[in-house]
Amino acid sequence: MDFSNNTPLSFPYDPHSFSKPAEARIKHVDWDLHVDFNQKKISGIGVYHLHTHKATEIVLDTHHLLIRQVWLEDPENEVNFRLSDKKPFLGQGLHVTFTPGTQKIRISFETTQSSAALQWLTPEQTAGKTQPFLFTQSQAILARTWLPCQDSPSVRFTYTARVQVPAHLLPLMSAQNPQEKEASGTYFFRMDQPIPSYLLSLAVGDLAFAPLADRCGVYAEPASLEAAAYEFADTERMLLAAEELYGPYQWDRYDLLVLPPSFPFGGMENPKLTFATPTIIAGDRSLTSLVAHELAHSWSGNLVTNATWNDFWLNEGFTVYFERRIMEALYGPEYAQMLHTLGYQDLQHTLEELSNTPQDTCLHLNLENRDPDEGLTEIAYEKGNLFLRHLESLVGRERFDQFVNTYFSTFQFKSMDTAGFELFLEKELVNGNQHLRDQINAEAWIHKPGIPAGVAHVKSSLFEKVAAERDKWEAGTPAQELSTQNWSTHEWLYFLSNLPQNFPLDKLKELDEAFGFTSSGNAEIQAEWLKIAIRHGYTEAFAALETFLVRVGRRKFLMPLYKALLQTPRGADLAREIYGKARPNYHAVATSSLDALLR
């Protein structure tokens, strides 16, 4: 399939990249990589195929990378290169000059101990406890820490990679992947669809594969594979539901990789190979809306990509909306209502947390001179979703689905900024209707803080039943007599997150004895309970709290738990004590936030 004509020739200003893609850009890369677990580094050579117009220079992004050599066209024509001054969290621009018409350059490079995308795990930090593990996290601007690239989401390119690893380990990438180990330890990868750099990924470990369907499968360490395959059994059904909604899946296969617990996110939508946290393996398939979310990114994000990180809501708002449409198709409207209600709760908490920086509650952000990770909040996810649901409520689901389908098909394999989306919204949905334009009120949703007045949020009939049981407990009904049979994870989360802010310790202990929250094997439920335990000084849960914080590296859980500790009289000392033990298990994405919080 040829996507060469789908790359835009105009690029919005990206404050988080040194590259100047309007002048010269990458269109394809052939990498040759060697993964060295002894020295904990990746070394390689990349052949970069360029689109240069009449340019005499190309600029790539690097950060904590060692650039060895640069050649033009062939290995004999070595040239000088220049690195710009270092900038905080952005790194340096790699400037390579050439004569007009140059079509490719070669770059030799090595990662360093400070390459923040990479996490090298010891055998003890894995499920199997016998082999080391490596994984990358490139989003938002960490791809430049393990490969020279034009690290802007507006720049898309295809790639191949020859990867050499220890013979007993299996490497995987965001590309066509092997399903079995090769005795030589040499693997060849190919990504024929153009992707932005933040979707580059590599994982290397003692991994095995289990098929889920013709197009879907799961990789995991052997010790975790059976449980993972059970948990993700509905993946093909999700894929079919997604295609029914918004058109053909464009990426050939959809596989999942279960990473060790230190992975800092719930999931990462690397094309063809979603990275997933083991904390969603609950044994009852109750947390697999995360799989639907990452699958939805195959359209919103991977297919149509936010042009800059100021436009992050275009990735995540569409994806949350799409995820819940998938879950509704599979499990019914009541299930989706629960997800919307919990999401709305999270949005309200985020609005409260950001009350001192109201501009950060706009959908379109201004992150210039800031780490783009600061924009990865529930505003992009849940306010973005709420805006799209607002549009649906005004024009009806059928018309809104036509709008979304046209959006994905028109801009597939392209990047979209907020201004472009507003033009598309005006052309395809408003179409000159002033009354509808006023009802939509896009300016308030996109460029103003908070949530516009008068927006109704969904109510969940299932949660109303949960609230009734909570009220009975507060009125004196023993916990063991509550009607909680067959509650899903979402019902338990609603119950816990809507308990009174303060109640006696004996009531807390009663709940724990009745429902086993402290020892729960469900990470979502346990994390919510541990926040309550911290707030009330329920010390019986503190050993489990330490175990959880040392074992789990998912930032969604870490930040609230450490913040909760810091808000208690003696919690700061305990937080720092636990963090001292846990920090080696965390990825740089997590430690960069936690170091600032706990310093």
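This is a predicted model: local features need pLDDT of at least 70, side-chain atom pairs count only at pLDDT 80 or more; totals for chains, interfaces and linings use all residues.
Residues are numbered from 1 along each chain as its sequence is written, and side-chain values use heavy atoms, without hydrogens or water. Local features need pLDDT of at least 70 and side-chain atom pairs count only at pLDDT 80 or more, while totals for chains, interfaces and linings use all residues.

**Exercise 1. Find the cavities of 30 Å³ or more and describe the lining of the largest cavity.**

Step 1. On a 1 Å grid over the protein atoms alone, a cavity is a set of points where a 1.4 Å probe fits but cannot get out; lining residues have an atom within 4 Å of a point. Points are joined across faces, edges and corners, and the volume is the space filled by probe spheres set on them.

Step 2. Search the whole structure: two cavities reach 30 Å³ or more. The largest holds about 50 Å³.

Step 3. List its lining: His 340, Gly 343, Tyr 344, Leu 347, Glu 382, Asn 385, Leu 386, Arg 389 and Val 458. At least two of the lining residues come from each of α5 (333–353) and α6 (378–395). Helices here are DSSP runs of H or I with at least four residues, and strands are runs of E with at least two, numbered from the N terminus.

Step 4. Sort by class, with Ala, Val, Leu, Ile, Met, Phe, Trp, Tyr, Cys and Pro as nonpolar, Asp, Glu, Lys and Arg as charged, and the others, Gly among them, as polar.

**Exercise 2. Repeat the sorting for the second largest cavity.**

Step 1. This cavity has a volume of about 40 Å³.

Step 2. Its lining consists of Asp 360, Leu 365, Glu 374, Gly 375, Thr 377, Ile 379 and Ala 380; three are nonpolar, two polar and two charged.

**Exercise 3. Describe the interface of domain 2 and domain 4.**

Step 1. Take the bounds from the automatic or database assignment: domain 2 spans 207–298 and domain 4 spans 487–598. Their C-alpha centres are 26 Å apart.

Step 2. Count contacts (heavy atoms within 4.5 Å): 14 residues of domain 2 touch 15 of domain 4.

Step 3. Compute the buried area, the accessible area (1.4 Å probe) lost on putting the two parts together, summed over both. This comes to about 1100 Å², with 59% from carbon and sulfur atoms.

Step 4. Look for salt bridges (a side-chain nitrogen of Lys or Arg within 4 Å of a carboxyl oxygen of Asp or Glu). Across this interface there are zero.

**Exercise 4. Locate the cis peptide bond from Gln 139 to Ala 140.**

Step 1. Omega of this bond is near 5°.

Step 2. Ala 140 sits in the loop between β9 (133–136) and β10 (157–164).

Terms used. On a 1 Å grid over the protein atoms alone, a cavity is a set of points where a 1.4 Å probe fits but cannot get out, and a pocket is an open set with protein on both sides within 12 Å along at least five of seven lines; lining residues have an atom within 4 Å of a point.
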